[in-house]
Amino acid sequence: MQMAEPERQPYFCMNTREKVFRVIPHNQEQLEVLSNLAKHMQVDFWHPDSIAQVKLGTTVDFRVEADRCSEAEHLLQLSGLNYGVLIDDLQATLDAQFDNHVRSSGHHYEKYNNWETIEAWTADIANENPGLVSRLQIGTTFENRNMYLLKVGKPGVNKKGIFMDCGFHAREWISPAFCQWFVREAVRTYGKETIMTELLDNLDFYVLPVLNIDGYVYTWTKSRLWRKTRSVNAGSRCNGTDPNRNFDAGWCTVGASKNPCDETYCGSAPESEKETKALADFIRKNLSTIKAYLTIHSYSQLLLYPYSYTYDVTKNNVELNTIAKATVKELGTLYGTKYSYGPGASTIYPAAGGSDDWAYDQGIKYSFTFELRDTGRYGFILPESQIKPTCEETLIAVKYIASYVLEHLY
């Protein structure tokens, strides 16, 4: 069983010798060793999300508390389970993530911005581009922060739209960075670049820069590696729900936990979280308009499509596979970054309650999950120097999918 994430001091005071390990279990005994590790010490699974999703041949990345690292290494050695150390000194890597030394006091697209800065930016970019961007409030979070959505596109009649969200999991900082980058590039290149101009003339993009705002704030102030929301769970000392296990898509049947202390806790019911309900309500109200759903996560360099809650394939599986294959090829043209692609369940692991499966089941037939850089060298602690290349290549991919959707409106 995965233990609860403890309440922490701010990340810059964290114990300096936490490590991130990588192993690949090849037999049942090695799986048992990992299960025992997870049961008896503080193990934070980075990939996959929990011990329940580990299977033979899976690459497993996990973080171990500083005072348990020696014990963990000893157990791995005893079992004959080959392991690598992805991050030898987590604090040094945390410090090094802020490697963009252009420390402007305000918002900057090539650095990680805290929520207050992003919130101010949502107002500024709408005010500065009234003919292209408008800001809507779609709800409030558990801690009563306003959830802002940016509608990006040239005003028009009966326009179809694409919904894109970032920041589901609080520690995946590169995700909100991309949503901000996308909006900046939309307003910067409209009227100058053919594809973006055509897209914004004919489609609206509904961009939610951060879904899990409370969790994101917590990663800046208390625990950099927090994942879930910050809601209070009745009868439990553990806070938060995994928002990407909280949707009504095979809810809590597989790859999710009913234990509030687990990182993949599915919540007390589908849409129990104010944040997921706000997103779902907005999409339900605009179902006739929204023709594609894109959700941006990290890490692993994957482009996934439904289903994750079942191994069954979608009715348009061949089409989704064709789009994904072409998209990752386009993405790789800029820096040679390699992405894998496929249905969620068979490509990584089964997981119920995801927003992409839910959106697809609502009738949005172009539904994709991006897992951005990297493949584990930095994991969730991607340095700021990688924001620009990550966002540039992801923008190519999003524009490719959007162009396809525009040509295949339904």
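Where is the place of Asp 374?

1. Asp 374 sits in the loop that runs between β12 (366-372) and α12 (387-407). The model is a predicted one. The peptide bond between Arg 373 and Asp 374 is cis, with omega about 5°.

2. A cis peptide bond also links Ser 298 to Tyr 299, with omega about 5°. Tyr 299 belongs to the loop between β9 (290-298) and β10 (302-305). As background for both points, most peptide bonds are trans.

3. Ser 300 lies in the loop between β9 and β10. Although Ser 300 is not a glycine, its phi is positive, about 145°. Is Ser 300 buried or exposed? Its relative accessibility is 16%, so Ser 300 counts as buried.

4. Glu 271 has a positive phi too, about 60°, and is not a glycine. It is found in the loop between α7 (213-221) and α8 (274-285). With a relative accessible area of 15%, Glu 271 is buried. For context, most residues other than glycine have a negative phi.

5. How many cavities of 30 Å³ or more does the structure hold? There are two.

6. Four strands, β2 (43-47), β9, β10 and β12, each give at least two residues to the lining of the largest cavity. By class, that lining comprises eight nonpolar, nine polar and six charged residues.

7. The second largest cavity has a volume of about 40 Å³. Its lining includes His 108, Tyr 109, Lys 111, Tyr 112 and Asn 113, and Trp 173, Pro 176, Ala 177, Gln 180 and Tyr 216 are also among the lining residues. Helix α5 (residues 174-189) provides the largest share of this lining, three residues. The classes here are six nonpolar, three polar and one charged.

8. On annotation, the unreviewed UniProt entry assigns "domain: Peptidase M14" to residues 111-405.

Terms used: Residues numbered from 1 in each chain as written. Predicted model: local features only at pLDDT ≥ 70, side-chain atom pairs only at ≥ 80, totals over all residues. Heavy atoms only, no water. UniProt positions renumbered as here; feature names shortened; annotations may be inferred. Buried < 20%, exposed > 50% of the residue type's maximum accessible area, 1.4 Å probe, protein only. 1 Å grid on protein atoms, 1.4 Å probe; cavity = no way out; pocket = protein on both sides within 12 Å on 5 of 7 lines; lining within 4 Å. Points joined across faces, edges and corners; volume = space filled by probe spheres on them. Nonpolar A, V, L, I, M, F, W, Y, C, P; charged D, E, K, R; others polar.
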